[in-house]
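These are my notebook entries on a structure that I am reading for the first time. I record what I looked up, entry by entry.

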Amino acid sequence: MNFREIAYQECIRVDCRKVYAVDEVLTGCLECGSLLDVKYDWESGPAPESWAMFQDKWSQRFDPLARSGVWRFHELLPFALREQIVTVGEGQTILQQADTVSRYAGMKSGNLFLQYEGMNPSGSFKDNGMTAAFSHARSVGSQRAACASTGNTSASLAMYCAVSQQMKAVIFIGSGKIAYGKLSQALEYGALTVQITGDFDDAMLRVREVCKELDIYLVNSINPFRLEGQKTIMYRVIESLGWEVPDWIVVPGGNLGNSSSFGKAFIELFELGLIDRVPRLAVINARGANTLHELYENRSMRWNDGRIDRSIQQQYYQELDADQKKASTIASAIEINRPVNLDKCLRALDYCAGVVREVSDQDMLDAKAQVGAGGIGCEPASAASVAGVKLLREQGIIAASDRVVCILTGHQLKDPTATVAYHTTDQKKFNEVLGARGMTRANYANRAVAVSNDLDEIIRAIKIYG
Ligand SMILES: *Cc1c(COP(=O)(O)O)cnc(C)c1O
Ligand SMILES: [Zn+2]
């Protein structure tokens with residue numbers, strides 16, 4: 001199949017729907033400014049008719065594109081030619097049944113699964129999308145690619161640039177929190193790192209201006225090609241469940257790229273007849289960065305068949321400005337108040353009968369410790385998904401017998417500071433040291449035991465505590 005011939009870009013706004021060629025470099029519709037989708041004319045290419053073709057690829061793992069957890073599903077994101085694709089083996093991730101976490105969240109044993117995207121080459125799910133956007137950037141001949149980032153997007157971009165030696169990475173970070181694991185990656189992979197005074201939302205506005213001015217390829221998740229790669233997280237979940245669909249997908253919400261791409265994945269899979277039902281979607285905000293929760297649950301902002309009532313959002317953003325309210329949470333990866341994919345996320349929530357919840361820093365850090373106790377590490381933002389399931393169980397919205405998949409978006413080693421502080425810090429200094437909001441108690445702290453360098457004392461300590 002000639003992949004590129006069936007792909008094009010289209011404005012998501014129903015009363016616009018302007019169409020653009022697949023190799024145009026755009027971050028929004030030129031007519032109305034709305035987000036763009038990558039679309040496929042499935043009719044004029046051989047659309048996948050069953051999952052069997054993907055299962056068969058396991059026997060071709062000598063081929064890097066068959067091995068990649070993203071490009072193994074190339075036929076479901078057919079916008080790039082084989083020779084344009086840059087892969088580093090992203091998406092070799094696992095769906096893990098997690099009974100420790102299941103108990104914690106109040107689920108029936110065997111019914112809660114963690115999709116561990118921290119296993120990606122740069123340690124977060126971002127690689128799923130980056131391989132797609134990067135391959136697109138390369139196919140259109142870009143020399144430089146840029147992003148604003150709370151850390152993981154920049155680590156991923158820097159990695160693809162370094163591996164391919166084909167493009168220069170320019171990353172914008174705010175002057176606030178950035179986890180050291182993430183910053184260290186960008187620096188070591190050789191990205192030009194621009195630290196501006198301001199937070200993520202400020203950096204996001206700037207990078208859009210700079211990319212326009214200097215004709216740099218923008219890889220933030222307003223880039224529709226990134227979301228194409230992220231769809232494959234859902235394909236792998238379905239694959240791991242023996243090509244079955246779970247009841248719930250629960251995901252942290254930051255810029256809302258993941259939730260948006262999951263919704264698109266399900267819309268397409270249903271259209272193609274590869275699934276016969278759609279899971280419900282739960283998007284979990286941090287309480288200190290809860291724009292989606294506020295707009296969706298409290299102010300009833302809805303997709304409304306693509307006729308979104310924009311005034312609800314404008315009103316809320318004016319209030320944020322008036323109160324000089326900035327996003328603030330320990331979960332730096334979702335410390336975002338103006339999510340760029342809001343519209344697409346509303347579409348996903350509409351299609352997947354979605355709910356949105358907010359959880360506190362306390363909830364996330366405790367949930368993270370429970371994930372860790374089960375032997376899988378994640379960063380604070382990722383644990384929002386587990387904290388979200390616990391809350392939705394308490395509210396009776398998720399049933400104990402439902403089959404639930406939480407997306408663990410990033411690896412534990414991304415942010416060791418948060419983990420060590422949780423397990424060691426004096427309770428009184430918690431919020432100060434952690435930069436957390438409203439932590440009162442590390443409920444699952446595993447404190448180090450201080451003993452003098454004396455054999456008897458060491459033995460006594462082990463007998464007491466072990
Ligand atoms: C980027 C990121 C998120 C937020 O994902 P969105 O698609 O922007 O909503 C959550 N967790 C981690 C670890 C991330 O890197
Ligand atoms: Zn438009």
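Which residue forms a salt bridge with arginine 287? I looked at a predicted model, and in it the partner of arginine 287 is glutamate 358, with the closest N and O atoms 3.5 Å apart.

I then located the two residues. I noted arginine 287 as partly exposed, at 40% relative accessibility, and glutamate 358 as buried, at 17%.

**Entry: other salt bridges.** I found a count of 26 salt bridges. Among them, aspartate 37 pairs with arginine 347, the closest N and O atoms lying 2.7 Å apart. Aspartate 37 is in strand S3 and arginine 347 in helix H12 (residues 342-351), 310 residues apart. I recorded both aspartate 37 and arginine 347 as buried. I also looked up glutamate 10, whose side chain meets that of arginine 17 in a salt bridge of 3.5 Å, N to O. Here glutamate 10 is buried, with a relative accessible area of 10%, whereas arginine 17 is partly exposed at 37%.

**Entry: a sheet.** I traced an open sheet of 3 strands in the order S2-S1-S3, paired antiparallel. Strand S2 (19-21) and strand S3 (36-40) are at the edges with a single partner strand each, so one side of each has no neighbour in the sheet. From one strand to the next, the twist averages 35°. Strand S1 (residues 7-11) is joined to S2 by 3 bridges, and I saw glutamine 9 opposite tyrosine 20 in S2.

**Entry: the zinc ion.** I asked which residues coordinate the zinc ion (ligand 2). The SG atoms of Cys11, Cys16, Cys29 and Cys32 do so, at 2.3 Å. The site is tetrahedral, with angles of 97 to 116° among the 4 donor atoms. I wrote the spacing of the donor residues in sequence as C-x4-C-x12-C-x2-C. Cysteine 11 is buried, with a relative accessible area of 1%, while cysteine 16 is partly exposed at 25%.

**Entry: cysteines and disulfides.** My search of the whole structure gave 0 disulfides. For cysteine 352, the nearest cysteine sulfur is that of cysteine 345, 9.8 Å away. Cysteine 352 is buried, at 2% relative accessibility. Cysteine 406 is buried, with a relative accessible area of 0%.

Note on methods:
Residues numbered from 1 in each chain as written. Chains lettered and ligands numbered in written order. Predicted model: local features only at pLDDT ≥ 70, side-chain atom pairs only at ≥ 80, totals over all residues. Heavy atoms only, no water. Pairing = 2+ DSSP bridges. Helix = DSSP H or I, 4+ residues; strand = E, 2+ residues; numbered from the N terminus. Axes fitted to C-alpha atoms, helices over the stretch in contact; angles between N-to-C directions. Donors = N, O, S within 2.8 Å, 3.2 Å for Na, K, Ca; no water. Tetrahedral: all angles 85-135°; square planar, octahedral: opposite > 155°, others 65-115°. Buried < 20%, exposed > 50% of the residue type's maximum accessible area, 1.4 Å probe, protein only. Disulfide = S-S within 2.5 Å. Salt bridge = Lys/Arg side-chain N within 4 Å of Asp/Glu carboxyl O.
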